[in-house]
Amino acid sequence: MPIVAPSLLSANFLDLDADCKMLNESQADWFHLDIMDGRFVPNISFGPMLVSFFRKATTKVCDLHLMIEEPAKYAEQFKNAGADILFLSVHIEACPHLHRNIQQIKALGMKAGVAINPHTPVESLQDVIADIDLVCMMSVNPGFGGQKFIHHTLKKIKTLRNMIDEKGLNVLIEIDGGVTLENAGTNVAAGADVLVAGNTVYSSKDPKATIAQLKKL
Ligand code: DX5
Ligand code: ZN
């Protein structure tokens, strides 16, 4: 059964309370929170202040996806906003000192994730994979919700699954972008553990039922 992590990016920001309540009552496992700075990605979303509100609104795991430059600079602020149950993912493309940054995240008591863009080969994770808890595999170019799944990602999931299993590691593979009810099963079959879903959940007539359907895969 996959871990389901709805992305709040597609929620109704004028009524976040209702969307948080819906997620709390649903079978969703995590809250996926997309942080964008308008520099690493061509869009701006929200920062630590809103994360602290989300944290108070749920007891579920908060899964922070930092699409920002110099993410390590803000790790402590996010930790303070997010309390104890937190995955913090940074982009490999934004971290020239990735190994150090992973240690910084872990020293703050958070689970460390590394996100990779569609053009970044899985092999670039080879020398840090044993140090992390999660790989956020981007299946769209980061920056916006509601984009189309990039099919080539399936091959990358299989490669990553083999890398993790060959080393006997316990690293979660998260798929982020363009996940639908139609392609979610294929992603899980290829080796994905965590399904992020924004548009699929929030544009559906019955988000809770959609989450339940994703859980069943
Ligand atoms: C994209 C974000 C995703 C996005 C997913 O940059 O990282 O988490 O919100 O949204 P959908 O599922 O609509 O592609
Ligand atoms: Zn994301």
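## Shell around ligand 1

In this predicted model, strands E2 (30–36), E3 (61–67) and E8 (194–197) each contribute at least two residues to the shell around ligand 1; strands (E, at least two residues) and helices (H or I, at least four) are DSSP runs numbered from the N terminus. E2 gives the largest share, three residues. The model is predicted, with local features needing pLDDT of at least 70 and side-chain atom pairs counting only at pLDDT 80 or more, while totals for chains, interfaces and linings use all residues. Residues are numbered from 1 along each chain as its sequence is written, chains are lettered from A and ligands numbered from 1 in the order in which they are written, and side-chain values use heavy atoms, without hydrogens and water.

Ligand 1 is surrounded by 20 residues, the closest being Gly143, Gly146, Asp176, Gly178 and Gly198; a residue is near a molecule if one of its heavy atoms lies within 4 Å of it. The shell holds eight nonpolar, ten polar and two charged residues. In this scheme Ala, Val, Leu, Ile, Met, Phe, Trp, Tyr, Cys and Pro are nonpolar, Asp, Glu, Lys and Arg are charged, and the others, Gly among them, are polar.

## Polar contacts and cover

Polar contacts are pairs of N or O atoms within 3.5 Å. A side-chain N or O atom of Ser7 is 3.0 Å from an oxygen atom of ligand 1. From the backbone, an N or O atom of Gly143 lies 2.8 Å from a ligand 1 oxygen, and a polar atom of Asn199 lies 2.9 Å from a ligand 1 oxygen. On its own, ligand 1 has 380 Å² of accessible area (Shrake-Rupley, 1.4 Å probe), of which the protein covers 99%.

## Pockets

Ligand 1 takes up the space of the largest pocket. A pocket is an open set of points on a 1 Å grid over the protein atoms alone, where a 1.4 Å probe fits, with protein on both sides within 12 Å along at least five of seven lines; lining residues have an atom within 4 Å of a point. The largest pocket holds about 270 Å³ of space, a volume being the space filled by probe spheres set on the points. Its lining has 25 residues, and Phe144, Gly145, Gly146, Gly177 and Gly178 are the closest to its centre. E2, E3, E8 and helix H7 (199–202) each give two or more residues to this lining.

The second largest pocket holds about 180 Å³. Of its 13 lining residues, Asp37, Ile68, Glu69, Glu70 and Tyr74 are the closest to its centre. This lining divides into seven nonpolar, one polar and five charged residues.

Definitions and conventions:
A polar contact is a pair of N or O atoms within 3.5 Å; within protein, one must be able to donate a hydrogen and the other to accept it, and residues adjacent in sequence count only if both atoms are side-chain atoms. A molecule sits in a cavity or pocket if more than half of its atoms lie within 2 Å of its grid points.
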